[in-house]
Each structure stands twice: as C-alpha cells, then as structure tokens.
Amino acid sequence: MSVIGKGIPRLESRDKVSGFAKYTNDTQSPGMLHGWLVTSPYSHAAIISIDITDALAVSGVHAIIRGEDFPVLTGSLLVDRPPLATKKVRYFGEPIAVVVAETEQIAKHAATFIRARYEQLPVVHSPSSALQRNAPLIHEDLGSYERLGDVYPVPQTNIGNFVKIRKGEMAAGWAASETTVEGTYAFNTSDHCAMEPRCAIVEVKPSGLIEIQTSTQDPFMIKRVFERFFHVEQSKVIVHVPFVGGGFGGKGSIQLEYMAYLASKACGGRPVKINNSRETDMISSPCHIGLEAKVKLGATREGNLTAAEITFLFDTGGYTDEGAMVTEAGAIDCTGPYLIDNVWCDALCVYTNHPYATAFRGFGHTESLYCVERTMDMLAKKLGMDPLDLRLRNAIQPGDTTPTQTPLTRSSVGDVSLCIGKLKDLIQWEQGQWVKVGQHKVRTKGMACVWKASGSNIDMGSGATITFNHDGSANLSIGSVEIGQGNRTAMAQILAEQLDMDIGHIHVMMDVDTQITPEHWKTVSSSSTMMVGRAVQDAAEDVMAQLKANASIVLQVLPQDLAVGRGMIYVKDDPIISLKISEVVSGYQYPNGSASGKPVIGRGRYRVHDITRLDPETGKGIPSQQWTVGAQAVEVEFDTRECTYRVLRVASVFDAGKVINEAMARGQVVGGVNMGLSFATREGFLFNGAGQVLNPQLRSYKLTRFGDNPDYLVAFVETPFMEGPFGARGIGEHGTIGMAPALANALSLAAGIELNELPLTPEMIWQTMGGSQ
C-alpha cells in the first residue's frame, strides 16, 4: 500500500500550531450576547425561591432564565434532567439560572445579585449509601420518567439503570473452582479536563431556523434531541462544529446547547454564547463516572478460570445522562478478555449527590477492567503463578463467547495472546517483576489486559461525499468531528489509497455543518475510523464508477475495462490509452465544443450490521461487531520508606487490525496512556461532608504535568477486522484502559499490600500500609 500505514502529518497541524485554527469560543458576531451560569452552593437542596430583581436592574443585562421558566426534562436514555434545576438541586455546582448580558463580564457581575433561597436536604455521598434502605431519594419521580431506549430504572430507589449479565451455571462454576479470590474496589468521580472548556452559541432566527455552533462530539444527535424535547423540526436545526479542543467523551453530552437556546429565545432570538469557565466545566458540566465494585473469581489449581461474580455500583451523580449507557458498557465486557463460562454480573447506575456523569475515554471499561485486572493479579498470587502466564492461559480466542454470549471470530476479536507475547518482550518481563535497587527502593512491573467493544446504536450509520475540483483534486466531506484524534488525516489516507491518488490532492472539510455534511452517528466509541472509513471507501467506489462511465464514452471502451489511478483513467490492458481525471470530472468537452458524461459526485454510506438488543434478564445479545484487544505493562521505582514512586516505563501492545497512520496510532496510544496514568495516580474529586467539590480548579485538581512522563513503548499486532477499512479496528480509547490496573499491580507488588482504591497517591499507599512506617 502506498499511503495506508504511513505516518502522514496531520492535515490541520499547521493551522493548530500557528494559532490559525478556530474553535467555538473564537466566534464573535454583531449582536451576540453572553450567558453566565449561576450554580448551586449545595449538593442536595430544595429551591425555595430565586430572586432576580436586582440582577435584572444591572445595566447591560437582557434576560435571566430559570428552570421554572422552561419546565422541560432531557436525557440520553432516561429523561430525568432539566436544563436548569427546577424544584431542587441534585449536585454541587448544578446550574439554577443563566444571566444573559452584553458582555460576559456584565453577566458575571449581575449574577452576584441573584438571591436564591434553599432548604438543605440529606446528602447521598456514595453508591453504596444510596442503596441503603433509608437513603434519601434523589429522584422521587423516577418511575414516571420517559425512557428512550433500553434502560431499566427501579422506582422508589436511587437506581437509574439496572443491567444484568447471566452466562452459564454459577453453581457449576463454583463447584469446579478449586481456588477463589475476592476484592473490593472504589474511586471517586473525576473530570475529563479537555484543554478547551465546553462552549455553545445559539441563535433563533425570525424564520424559526435555529443555528448552533458548539464544541461537541455529536452534532447530529443535537438535531434529534431538539426535535424530541423542544418540538422543533430537525430541518430547522443547523449545527456547526469547528475544531474541538479535546473531548474524551465529555463533549458527547448535550448541556450548554439547551441553555443557550432557551437564552436566545428569551432575548428575541439574538445569538447567545455560553462559554464555561474552567470551574463550571469541571463541576457543573458532566464528569467522569465513579465506581464501587466487588469482584470474585474462581479457578482450578492450574489457573483455568471457572466463574466470575461481579457487582458494579457506578456513581452517576445527580442524573443518569450517559451514565446509564456507561453502566451497560462496563457490564457487557465485565470479565476482561478472558474465557469464563459462568458469569454473574449486576451493574447498577446509581444516583448520588455528586456532579453527574457522562462518557469518559474507555466508556465503562477503564472502570470495570481496573477491578477485574486487579483481581486477576490477586488470583495469580494465590495460585503462585506468573500473572502474565495466568492471563495467557485464559486469553479469549476465536470460537469463544463473551459475557453476553456473543460468538467470536478471528476477525471480530483479534489476537490477545499475540499481544501478551509481544508485551512480554517489549517490557522485558523475564528479567523479573521485582528487583531491589537500593536500601529502600525496588523496581517492579505490573501488567493488565485490555479489551473494548466499539459499539453504536443499532439504527446508526455514517456517510461521505466526494466532489472534484477542475484540477482533478478531490474534496471529501464527512460527519465525524475532529477532536484532536486525526480523523481527517486518516480519512484522507483511506481515500487516497482507494483512488490511488496523491494525498496532497485530497482536501478534507474540517468543520461539520449538519445542513450539508453527511450524517455520522457520534464521534465516540473508537468507531469513527471504522464507520466513516467504510463510508469513504464506498464513496470512492461510487466516484470510480462515475469516472469510468464518463471516460468510457470518450475512449470507446467498456467501463469495466478501465482502471483509475495516479490521476488518470486508463485502459487496463493498454495504460497508454488514458484520460486525466481533471478532463472528465465535470463530463468531457470535445474540441468542437460538444460534451458528454456527467459531473462526478460520489456518495458513500455505511451502517453497522448484526448488532442486537440485550435481553434485560440475562444480558444475552450482540452489542458490537468487533473488539479491540491489547496488553499493557508498567515498570515503577518505589521507595518503601517514603511510599513515593516514579513510573519508569510503560509498554502497550494493541491489535489494531490494520494501522492506518503509524504516527497517529502511536500518538493515540501514548496520549491514552498519559491520561490513564493521570487518572490512576492523582485525579479524583475531593468532597467534604456536604458533598461540595473541594478541588474545582486546575490549581488544586492535579493532572499529570510535563516532566512526569515515563518512557513509552508502543507496538501493534495486525489481525484484520474484515468489516473495517483495510481491516482497521478502533484504538482511540484503549491506551487509557489498562493503566490503572497495571500500575496498581506493580505498586501492590512493591508495597507488599493490595492497593484497590484510586488514585494511587503516596499518602493512600502509606495509609493502606498502616500509616506507621
């Protein structure tokens, strides 16, 4: 292949590094107003009143909207969330009003004059406490909420979704178990911390047209939900998405768009921009889900897994949003990439008075596999086995079935055993897991296996269109969002390879405009390269057929006797007989002025097939066409006296199916690893007894900084996924998934204790060790 697999530089990189790239907040227009969020200081409280009189009197204020002004509920699967709190607030930082003014500064100033009165209510601090018999109900009307899909709330409880996985016979599984281990795990909600805070601009035009410019991962879904919740025809909703400065799942949720729309309506349709501050982006907008879990594994003395009993209590915060789907995603792959014939899993999406949750890189797998992979290491210790050998012995294979009883093939699951073998060499596992390097220092290695289904809604697909310029270069339009992952470059490579064209002659539309851009489901689930790539291939085939049809008239040969490549349409058996693509893209014009043929406009489409709904009682079903598998390892240097440590090396091996862009694939993995390490080592919201977030700023919420980076070792296995473009699978999220368990496994070995809570701070390790060394 001439282009596929090569490390082609990102098409938009020059604009980004030079500062010419435009993001939503860069947009200004005459008459634009600015909104400022007024948020709750309490995590659970009844709203007695919101007095806006003094705030409205501030010069430059145009309107103040409150939840009571627009009593509507929204939601992804379960319709449980008002755009602005009504009657009560359910998390600290929940928006209760939006002040709309000439400038953001005026709006912020006016917000200080709003007087809200509350009656504080008992606070629910964790999923486990939310399930207690006498726990306060966060949603008293849970049983009456509209359901938009397969979601199973339990009325008169704090359970927003209840997912069950039942495979095999648990009694037989435990009877065959000669060894069992059990562990409990926990971590708080945290944040995505994308470089660009969320921002939305909405203008309601006199014609009724609603123009939205926003930093989002799902522009086409916005059209659907506006129709559903505000009864606006989809044809009246136009969504524009420029570059997005990182998403990681956090911008796959719809929030500011609702508020800006209501604010624009209240101001006569003038455009209203709501741009989150860092603080509101962290605690008022949706965050990364938390978890409490319990995992029990059974195995034979030889290490063959026989049974798994798993309980996941996902902390979805005040509203379910995407948390209901995250819960299902964690359940469907609950065992990790291992064959276990007998599986029992309850995954609950539990309301608490924490900021509400949405998707996060790994979508339920970063969370659930942390627990499973820690338990696998505990099992290896109990069996006296090498943890790598235990995983290799149980690695899932073609012909096996997933926890949802989906039959797997080599195409759909790839080769996790090969990934483990390659990782073993990459991290030099055989040199030892534990080495003493000083009086109080040891170096240890830990590993984890990874898999993740790249799922989508059953009714979703992708499209692509191709037009040509008169010089023969091609213009490609696709609906996925460029969120920093390099999707536009990958699509250009796929099209260039399919047309056998120089990639410099491929021009890709960077922005998304839902009025003219072909629809794509969402830019989530590591699925864009696969889904959109297939649509691009289909559009390329359509283009080549049209080019051949035009050229066949001129060359007087059958279309099937022609080929397309290197900017030409030529006769297969005699390539000298040819025409330039530029000569036929608009039809062919003869020297005498007459013409033949038609303008070439390519259309491509792809729809996911063979996915089924899950049985609500057993979880049986097919949630995905394919899984991406891999293995990751971490080497740390640990100070046994001070409980401090350094991450020295991280190795990652993934079965990519086919690497489309080698440099970007490595970048995706390294970026994912860095994000996973940050989550594992230091991230998480700190709450006080009132449920308030104590670290809502980057000064106090500690991310991995420059200089904290270990050496990154990355390798790939290529087992083609037959449905993917050139065999490609998704790899966008997977680097994050194995970091927390691999690091915890390494540190547990170094500290001589089981570390089952995150983040893995020196203080937490010291306390777990007894706090006396």
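1. Basis. This is a predicted model, in which local features need pLDDT of at least 70 and side-chain atom pairs count only at pLDDT 80 or more, whereas totals for chains, interfaces and linings use all residues. Residues are numbered from 1 along each chain as its sequence is written, and side-chain values use heavy atoms, with hydrogens and water left out.

2. Aromatic pairs. Rings of Phe, Tyr and Trp (its six-membered ring) pair if their centres lie within 6.5 Å; planes under 30 degrees apart are stacked, over 60 edge-to-face, and the rest tilted. The count comes to 20 aromatic pairs. One of them, Phe226 with Tyr261, is edge-to-face, at 5.1 Å centre to centre and 70° between the planes. This pair links distant parts of the chain, 35 residues apart: Phe226 is in helix H6 (residues 219–230) and Tyr261 in helix H7 (residues 256–266). Helices (H or I, at least four residues) and strands (E, at least two) are DSSP runs numbered from the N terminus. Phe229 of helix H6 and Tyr258 of helix H7 are also paired across the chain, 29 residues apart; their geometry is edge-to-face, with 6.3 Å centre to centre and 80° between the planes. Phe226 and Tyr261 are both buried, as are Phe229 and Tyr258 (buried: under 20% relative accessible area, 1.4 Å probe, protein chains only). Elsewhere, ring pairs join Tyr185, Phe187, Phe360, Tyr370 and Phe679 into a cluster.

3. Charges over rings. The criterion is NZ of Lys or CZ of Arg within 6 Å of the ring centre and within 35 degrees of the ring normal. Lys164 lies over the face of Phe162, at 5.5 Å from the ring centre; Lys296 lies over that of Trp174, at 4.5 Å.

4. Nonpolar cores. A core joins buried Ala, Val, Leu, Ile, Met, Phe, Trp, Tyr and Cys residues through side-chain atoms within 4.5 Å. The largest has 98 residues, and Phe312, Phe638 and Leu747 are among those with the most contacts inside it. A second, separate core of 91 residues includes Val232, Ala474, Tyr606 and Phe721.

Terms used: Buried < 20%, exposed > 50% of the residue type's maximum accessible area, 1.4 Å probe, protein only.
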